[in-house]
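User: I would like a close look at one part of this model, with the backbone described plainly.

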Amino acid sequence: MTIDSQGNKVYHIGAMLGNVYTAHPKEIIHGIYCAASRYNVNLDFFLGTQSNSFYKGLAGAASSLFFDYQFNTVYDFSKFCGLDALIISYGTLCIYLSDPAKDDFLNRFSDIPRVVLEERAYGDNTTYIISDNYNGMAAVVEHLITVHNCRHLLHISGPGNNTDANERKKAFKDTLEKFRIPYSEDLVLEGDYTQYIDREVALFLKKHPDADAICAANDDMAVSACRAIRALGKVPGVDIAVTGYDNAGVSMSSNPMITTVEQNGYEMGFAAFEEAMRLCEGREPKQIVLDSAPLFRESCGCKNKGCLEQYTSATG
């Protein structure tokens, strides 16, 4: 904290994000920036990437290359900045780390008041903000079953050590079982939250030729699934329903537009900054779960209002 020429406190807040070439972190950044513009603050972003997926998918480099450790050293610079509070987008930073490594990572910043996103984190100086992942995904899966009569559903999960991914996967499993549709781990492909999994999805579909729906754990992977479906000579939203999660900008620009779940990254980022300011002012930390709501579009087969009315009637 510094004092400006008028004698006002000027807080110094940092924000850590990874996977910054994907949609959700970009929206979080936008929300943080817009919230910060309302205050007289110093704001630093510490941006890393999960570069293995980036280079493999975008640049075509060999999958054995692994440069994450080089990119992610940027996070340690936050320790030298005299921050008054720190926003940690935990889901985007740590999705490839084991649970002990994730705990070690968070503990490195335990002495700074912090707002943790996409993870339930606790502490006297810690606020967390997470989406209602379970109910959001369950609503989409139930829609596919009750409205579109899907019975051969597949799931593209996020990385296995990611809380958002695990909650969405559990919702997929539980909803299938609710409607007495057999579930097995064979119905799940573990993805990496990027758009660069076309080949993996194509192989997954060849293994499950009777699939009538793919529920992806985010919109980027849903877009990749749509490309893979077309490459196999089928039509997404007609031959195979596709759904995502996040309501990222890519979900609206995709053809077909992606049925998804509203997890507003901008709203999350904006709220994160507001909560960071509260911590700077010495207020109590909070535990915040943001509402999620399904948005039905062409990729699941919904083409008009009547379909949505049918869904409302079917679910009461």
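User: Where is the place of Asp246? Please describe that part and what follows it.

Analyst: This is a predicted model, in which local features need pLDDT of at least 70, side-chain atom pairs count only at pLDDT 80 or more, and totals for chains, interfaces and linings use all residues. Residues are numbered from 1 along each chain as its sequence is written, and side-chain values use heavy atoms, with hydrogens and water left out.

Asp246 sits in the loop between strand S11 (241–243) and H10. Helices (H or I, at least four residues) and strands (E, at least two) are DSSP runs, numbered from the N terminus. Asp246 is not a glycine, yet its phi is positive, near 125°. With 6% relative accessibility, Asp246 counts as buried; buried means under 20% relative accessible area, exposed over 50%, and partly exposed in between (1.4 Å probe, protein chains only).

Asn247 is in the loop between S11 and H10. Asn247, also not a glycine, has a positive phi of about 55°. Its relative accessible area is 18%, so Asn247 is buried.

The peptide bond joining Asn255 and Pro256 is cis, with omega about 5°.

As for the setting, the chain has 12 helices and 14 strands, and buried residues make up 54% of its 316 residues. Of the contacts (heavy atoms within 4.5 Å) with a separation of 6 or more, 74% are between residues 24 or more positions apart.
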